[in-house]
Protein chains: 2
Amino acid sequence: MKPQQKKLAEGSLFTDFYQLTMAQLYLRNKLAEKTVQFDYFFRNYPDYDSHQAGYCINAGMQWLLDWMQDNRFTKKDIDFLRQLSTPAGNRIFYDDFLGWLAKNGNFDAITITAIPEGRVVHPGVPLAIVRGPFAMAQILESALLNHLNYQTLIATRAARIREAGRGGLMIEFGMRRAQADGANAGARAALIGGADFTSNTGLSAVLNLPPKGTHAHSMVQAFIALGMTELDAFQAYADLYPDSCLLVVDTIDTLNSGVPNAVKVFEKLRKKGHKPLGIRLDSGDLAYLAIQSAKMLNEAGFDDTIIFLSNQLDEMVIWQIITQIQKQAPIDGIDADHLIKRLGYGVGTRLITSAGNAALDGIYKLTAVRNQNKWLPAIKLSETPAKILNPGYKNAWRIYDNRQKATADLITLGEEDPRRLDVLNLHHPSEPQTSRTLDKSEISQIEPLLVDFIKEGKLVCDLPSIDQMRKLRDTDLEHLNSGVKRLVNPHRYHVSVSNKLWNLKQRLINSRKKGVQKG
Amino acid sequence: MKPQQKKLAEGSLFTDFYQLTMAQLYLRNKLAEKTVQFDYFFRNYPDYDSHQAGYCINAGMQWLLDWMQDNRFTKKDIDFLRQLSTPAGNRIFYDDFLGWLAKNGNFDAITITAIPEGRVVHPGVPLAIVRGPFAMAQILESALLNHLNYQTLIATRAARIREAGRGGLMIEFGMRRAQADGANAGARAALIGGADFTSNTGLSAVLNLPPKGTHAHSMVQAFIALGMTELDAFQAYADLYPDSCLLVVDTIDTLNSGVPNAVKVFEKLRKKGHKPLGIRLDSGDLAYLAIQSAKMLNEAGFDDTIIFLSNQLDEMVIWQIITQIQKQAPIDGIDADHLIKRLGYGVGTRLITSAGNAALDGIYKLTAVRNQNKWLPAIKLSETPAKILNPGYKNAWRIYDNRQKATADLITLGEEDPRRLDVLNLHHPSEPQTSRTLDKSEISQIEPLLVDFIKEGKLVCDLPSIDQMRKLRDTDLEHLNSGVKRLVNPHRYHVSVSNKLWNLKQRLINSRKKGVQKG
């Protein structure tokens with residue numbers, strides 16, 4: 001796209017068309033400026049077919065807020081809408097609406113409370129509650145889902161991969177397999193969820209982090225095509241980058257050419273007082289090659305160089321590689337723990353696409369409408385009880401047990417404060433018979449999860465840095481039971497609703513069902 | 001991101017970091033301005049686990065060219081690079097390189113020949129050949145792969161979904177599950193590959209297409225919360241959009257409330273001389289509901305309204321729905337063919353993420369280096385013969401048999417012209433014993449696939465419209481054997497290399513292997 005086109009495609013028109021026809025309908029029916037509430041939440045943890053997440057890492061809000069603050073309907077946007085016509089040749093958008101949009105087409109009246117980025121989150125709990133005039137809250141839907149679904153999906157996957165890699169160096173490499181500029185949102189989310197660095201240079205510049213990388217196969221290929229050798233190429237790299245020399249050893253033959261040549265170059269570096277960083281394995285049986293490479297490196301006295309792995313890595317592949325090393329390394333005379341500690345991971349395609357489950361099922365649903373100074377709850381029925389909305393003005397809490405572990409998230413009505421109760425009743429959100437009671441003595445803390453982000457368009461909180469989000473993430477992960485963090489078949493974390501919310505929901509379901517029978 | 005940050009993240013720094021360290025190394029070794037050739041190709045058709053594509057639809061080049069023409073390294077980009085340092089505290093980029101980049105950091109010397117967007121393409125065939133100075137051709141890698149991999153992936157999936165839907169109305173709905181702004185590239189690719197329209201309003205504005213959509217569940221919910229009914233909401237919609245009235249019938253109960261209410265509204269529209277568009281089914285058993293809805297609509301005389309389906313659709317789900325309708329509709333007294341012809345498809349998540357295989361494995365490999373006015377072929381070995389590059393300066397052709405069907409793609413050396421030969425020898429690209437001979441009499445046409453796009457940065461072709469790309473797509477699909485187009489287990493299309501290319505490859509492999517043994 002040309003820059004002018006990008007502006008058009010990524011500005012206020014970055015929305016599904018029905019949001020705009022809805023906004024016009026709301027105006028025509030005097031609903032456009034009625035205050036409403038939409039909840040954003042996801043229904044299920046990502047399910048990667050052979051395994052499913054037991055928690056998610058929340059991400060994306062800051063970039064959504066930037067988008068909201070930077071965009072308002074421009075003359076160009078409105079000109080495009082004006083010339084659209086129906087199959088019968090009539091205009092779709094009328095001047096009264098387009099005039100309203102020119103004046104009110106911004107997010108200055110929107111209020112958002114949300115769970116901060118980096119926090120552990122669970123299904124059904126509102127991650128963001130949007131309140132504001134119906135028309136603009138409706139138009140916001142597409143951009144909100146676009147920003148929050150993807151970044152939460154990727155932050156979650158990154159956390160899982162970090163867990164599998166036992167906190168070893170992890171670099172995000174996915175730009176070449178991302179959805180165009182989505183590479184930047186993906187890299188940001190990966191950095192929030194688990195990656196230490198990214199190879200994405202522009203995004204690193206924006207976040208003020210150092211970008212990272214190794215070298216290209218094409219460097220070695222070019223040296224060879226010109227009559228030189230892999231060793232010459234390695235040496236040229238070491239000469240230019242003596243303090244950050246990490247050599248890719250698989251262009252010709254990893255064990256017969258790459259690693260021996262790397263060792264030669266490292267020996268020269270050592271003589272000159274430099275510390276070589278290590279090698280990168282990018283193809284073949286990575287566990288086997290890591291053990292054999294470690295042998296060669298150790299024999300040459302390079303015990304502490306990194307062995308950096310890449311090639312279709314994700315949490316399952318890394319888990320398998322580590323398991324294979326634990327079994328095989330001792331047989332080959334290598335200390336498995338020492339080897340595992342020096343491993344690093346370059347994670348590309350399978351992280352930035354969340355391979356196996358490439359979308360979070362997050363949704364944005366109308367849950368309340370304000371009329372004559374009262375919040376009227378809204379509901380959407382479904383034949384699947386688990387898919388029926390939690391209606392109304394709400395709040396969300398996390399309950400910690402006496403071991404300081406998070407034991408449940410609780411969704412209540414907005415006016416309830418569970419901290420004031422002596423006994424907590426935790427009701428399953430869709431199964432009538434399933435509930436649990438917690439006495440005050442079993443609870444160490446009840447923490448409100450939602451924070452005010454913007455009030456009528458104005459930022460009312462300090463936006464945290466990536467590093468602060470990572471601290472939130474680590475704290476929340478420490479407070480999770482290890483069963484919930486299992487990579488495969490995790491223990492199910494409890495998300496509950498209060499009795500009052502349960503009763504409201506039942507009342508609404510019954511009245512709607514009666515409505516259908518009558519109708 | 002803030003607009004200034006977006007500029008930084010999506011400009012020339014939209015690249016993997018190693019491209020920049022490589023560029024500096026090439027400059028230091030007097031290789032930066034040496035002319036080289038990189039080939040872009042993919043190795044495998046997308047494999048969606050239970051099924052695999054038998055062809056791909058090429059897409060993405062135009063936006064890559066826009067990116068190349070709009071971006072050059074700015075002072076801000078270079079300032080970021082200047083302050084980066086190694087773990088030992090030394091600068092990574094030196095002034096000579098940063099000065100070179102300030103002057104030469106653009107794509108004005110790059111030449112690209114490529115296969116046009118919209119065409120059917122196959123593994124191993126170069127979809128784009130990039131020639132130019134080594135440093136900038138290297139830096140281009142990340143953006144090129146990012147643009148071309150994703151759009152080709154999505155255009156391919158869209159073509160398959162269109163095939164399953166038998167050319168019925170198809171609208172792209174994926175923005176909310178895309179990777180941030182990647183939604184725009186995804187929608188564009190979907191429009192090239194198979195979608196008739198998209199709900200993405202901004203992208204439609206850029207391409208000058210009408211955006212499409214239906215209405216929101218939240219409209220119906222809001223009416224009900226305020227004491228009105230689904231019928232009131234439908235009527236309000238019909239009043240405002242009498243010529244494009246497509247009603248979403250599942251907010252309360254599809255068959256007991258939604259469809260009967262839609263029929264009431266349609267009857268009023270008809271009386272006023274309007275033609276209602278139809279209904280949308282967005283949950284439940286879509287095949288069953290389509291049949292039952294068709295019954296109700298037909299009984300009321302609305303035989304020709306659209307029944308628009310959505311909810312996790314892809315080619316397999318649509319195939320299954322159509323099969324179920326073919327079996328069940330006649331039992332329920334409905335003409336299956338008539339019903340299938342009135343179906344439309346809203347395709348979201350599973351198209352824009354290419355669910356099941358969320359990345360094309362396209363790669364960008366150095367295949368030749370120009371030295372003293374001669375092209376020296378470059379190669380990268382691999383233990384898997386199928387992964388060894390086709391080296392050197394090349395060309396690509398499509399061979400049509402006497403039924404005008406494409407029978408093979410042929411990769412030759414640049415100087416070869418298979419149109420001059422009486423007998424064509426088609427060699428399997430990696431199996432030594434597999435080859436096939438075609439006599440001139442068996443061939444109706446030999447078509448060159450690669451077209452000059454830019455020469456030293458300047459556009460040298462007319463860039464086609466989306467509509468022209470769709471025509472190319474339809475022509476190419478007509479020339480494919482139907483076995484190749486099967487959704488599941490397609491017949492394998494032949495991609496071959498010429499004898500000369502085969503011999504060059506073997507010679508290079510042998511000389512490199514000797515090099516390793518000697519080393």
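This is a predicted model: local features need pLDDT of at least 70, side-chain atom pairs count only at pLDDT 80 or more; totals for chains, interfaces and linings use all residues.

User: Over how many bridges do strand β1 and strand β5 of chain A pair?

Analyst: Strand β1 of chain A covers residues 35–41, and strand β5 of chain A covers residues 128–133. Within this pair, A:Tyr40 has A:Ala128 of β5(A) as its bridge partner. The two strands run in the antiparallel sense, and their pairing extends over six bridges.

User: Which strands of chain A stand at the edges of that antiparallel sheet?

Analyst: The sheet is open and has seven strands, in the order β13-β12-β1-β5-β3-β19-β20 of chain A. A strand at the edge has a single partner, so one side of it is left without a neighbour in the sheet. In chain A that applies to β13 (374–377) and β20 (458–459).

User: What angle does the direction of helix α6 of chain A make with that of β5(A)?

Analyst: Two helices are worth a look here. Helix α3 (residues 61–70) of chain A packs on the sheet, touching β3, β5, β19 and β20 of chain A, and its direction makes about 15° with that of β19(A). Helix α6 (residues 134–164) of chain A also packs on the sheet, where it touches β1, β5 and β12 of chain A. The angle between the directions of α6 and β5(A) is about 150°.

User: In the open sheet of six strands in chain A, is the pairing parallel or antiparallel?

Analyst: The strand order there is β7-β6-β11-β10-β9-β8 of chain A, with β7 (197–198) and β8 (246–248) as the edge strands. Strand β6 (residues 170–172) of chain A joins β7(A) over two bridges, and A:Glu172 has A:Thr198 as its bridge partner in β7(A). For this sheet, the pairing is parallel.

User: How far apart are the end C-alpha atoms of helix α11 of chain B?

Analyst: Helix α11 of chain B has 18 residues (254–271), so at 1.5 Å a residue it should span 26 Å. Its buried residues include B:Val259, B:Val263, B:Phe266 and B:Leu269. Just after the helix, B:Gly273 takes a positive phi of about 90°.

User: Why is B:Gln235 classed as partly exposed?

Analyst: B:Gln235 sits in helix α10 (residues 230–240) of chain B. A residue needs 20 or more other C-beta atoms within 10 Å to be buried, and 12 or fewer make it exposed. B:Gln235 falls in between and is partly exposed because its count within 10 Å is 18 other C-beta atoms.

User: What kind of axis relates chain B to chain A?

Analyst: Chain B can be laid on chain A with an RMSD of 0.0 Å, using a turn of 180° and a shift of 0.0 Å along the axis. This is the relation of a two-fold axis. Among the residues of chain B, B:Gly182 comes closest to the rotation axis, at 2.4 Å (C-alpha). So the answer is a two-fold axis.

User: On the side of chain B that touches chain A, how many residues are nonpolar?

Analyst: In all, 105 residues of chain B are in contact with 104 residues of chain A. By class, the chain B side has 39 polar and 15 charged residues, and its nonpolar residues number 51.

How values were computed: Residues are numbered from 1 along each chain as its sequence is written. Chains are lettered from A and ligands numbered from 1 in the order in which they are written. Two strands pair if DSSP finds at least two bridges between them. Helices (H or I, at least four residues) and strands (E, at least two) are DSSP runs, numbered from the N terminus. Two residues are in contact if their C-beta atoms, placed from the backbone, lie within 7 Å. Axes are lines fitted to C-alpha atoms, for helices over the stretch in contact, and angles run from 0 to 180 degrees between N-to-C directions. The expected span of a helix is 1.5 Å times one less than its number of residues. Copies are superposed by least squares on the C-alpha atoms of residues with pLDDT of at least 70 in both. Ala, Val, Leu, Ile, Met, Phe, Trp, Tyr, Cys and Pro count as nonpolar, Asp, Glu, Lys and Arg as charged, and the others, Gly among them, as polar.
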